[in-house]
Amino acid sequence: MLIDSHCHIYKEYYDDIDKVIKEANDKGVTKFINNGTDNKSNKEVLALINQYDNMYGALGIHPESVLEYSLSDIKFIEDNLSNPKVIAIGEIGLDYHYSKEEKDEQIKLFELQLSLAEKYHIPVIVHSRDATLDTINTLKKYHVKGVIHSFSGSIETAKEYIKMGFLLGVNGVITFKNANLKEVIKNVPLESLLLETDSPYLTPEPYRGTQNNPGHIFDIATFVANLFNISITDLSHICANNFNKLFLANNDK
Ligand code: NI
């Protein structure tokens, strides 16, 4: 009953997607949200969710694609939101790590997609790096719910997002040695957490240096369950419940 709420399963990263899915299933990972980041990957996500029963899709234009996207890519997302297996708009957000100079364009792209989420009552999967304040202020302009993927902020930021109705996505970063994140996440209610791998990135310890895959949800869940001193079964129930409530409860999908 483990769920990978955020991964990027594309042919460009995985030669044998059947095998990746099968190996994850064998480790108890039964559902996935495959996230698009640009028009090309959005199309691939649509093809794959058609092929795999237990794979859902999120369609979105990632802030790193801010200079390449066109309005027809946004229209493409809108046109496919009626697909019963498209359960979120993502991966969208703000990333000022490499590209501060495109702040305004990034906010514009983020807002275009947040208005779609608001219009169609569909949750969002948010990427925010070095852009906490702008992310919070932009999200507050829309009636949307969703998850802050790969959350790595302070306890104050965690509380703010939770107050806004957002869940926090926890991945392999929490297993890294120098992660203060452990202390922050320990103080977050379990009802606000989702587990994710962000495959093929952010491989958890002790597998760093190899390519990540959704099967590693098992390792992340084991780590988080230990952190909270609960069983992996209890944790996976709580997170599955959080997942269902956010993505499946209100959208007839
Ligand atoms: Ni991602």
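Modeller: Two strands are taken as paired if DSSP finds at least two bridges between them. The model is a predicted one. On that basis, eight strands form an open sheet in the order β1-β2-β3-β4-β5-β6-β7-β8, and their pairing is parallel. The edges are held by β1 (2-7) and β8 (193-195); each has a single partner strand, so one side of each is left without a neighbour in the sheet. On average, neighbouring strands of this sheet are turned by 30° against each other, direction ignored.

Asp 4 has Phe 32 of β2 as its bridge partner.

Further along, helix α6 (residues 155-163) lies across β5 (124-129), β6 (146-148) and β7 (166-170). The angle of α6 to β7 is about 135°.

As for helix against helix, the axes of α3 (residues 71-79) and α4 (residues 103-120) come within 11 Å and cross at roughly 20°. Angles under 35 degrees count as roughly parallel, which makes α3 roughly parallel to α4. The crossing of α3 with α4 is right-handed. From α3, the contact is made by Leu 71, Ile 74, Ile 77 and Glu 78; from α4, by Leu 109, Leu 112, Gln 113, Leu 116, Lys 119 and Tyr 120. Sorted by class, this contact of α3 with α4 has seven nonpolar residues, one polar and two charged.

Key: Residues are numbered from 1 along each chain as its sequence is written. This is a predicted model: local features need pLDDT of at least 70, side-chain atom pairs count only at pLDDT 80 or more; totals for chains, interfaces and linings use all residues. Side-chain values use heavy atoms; hydrogens and water are left out. Helices (H or I, at least four residues) and strands (E, at least two) are DSSP runs, numbered from the N terminus. Axes are lines fitted to C-alpha atoms, for helices over the stretch in contact, and angles run from 0 to 180 degrees between N-to-C directions. Contact means heavy atoms within 4.5 Å. Angles under 35 degrees count as roughly parallel, over 145 as roughly antiparallel, 65 to 115 as roughly perpendicular and the rest as oblique. A crossing is left-handed if the near helix is turned anticlockwise from the far one by less than a right angle, and right-handed if clockwise. Ala, Val, Leu, Ile, Met, Phe, Trp, Tyr, Cys and Pro count as nonpolar, Asp, Glu, Lys and Arg as charged, and the others, Gly among them, as polar.
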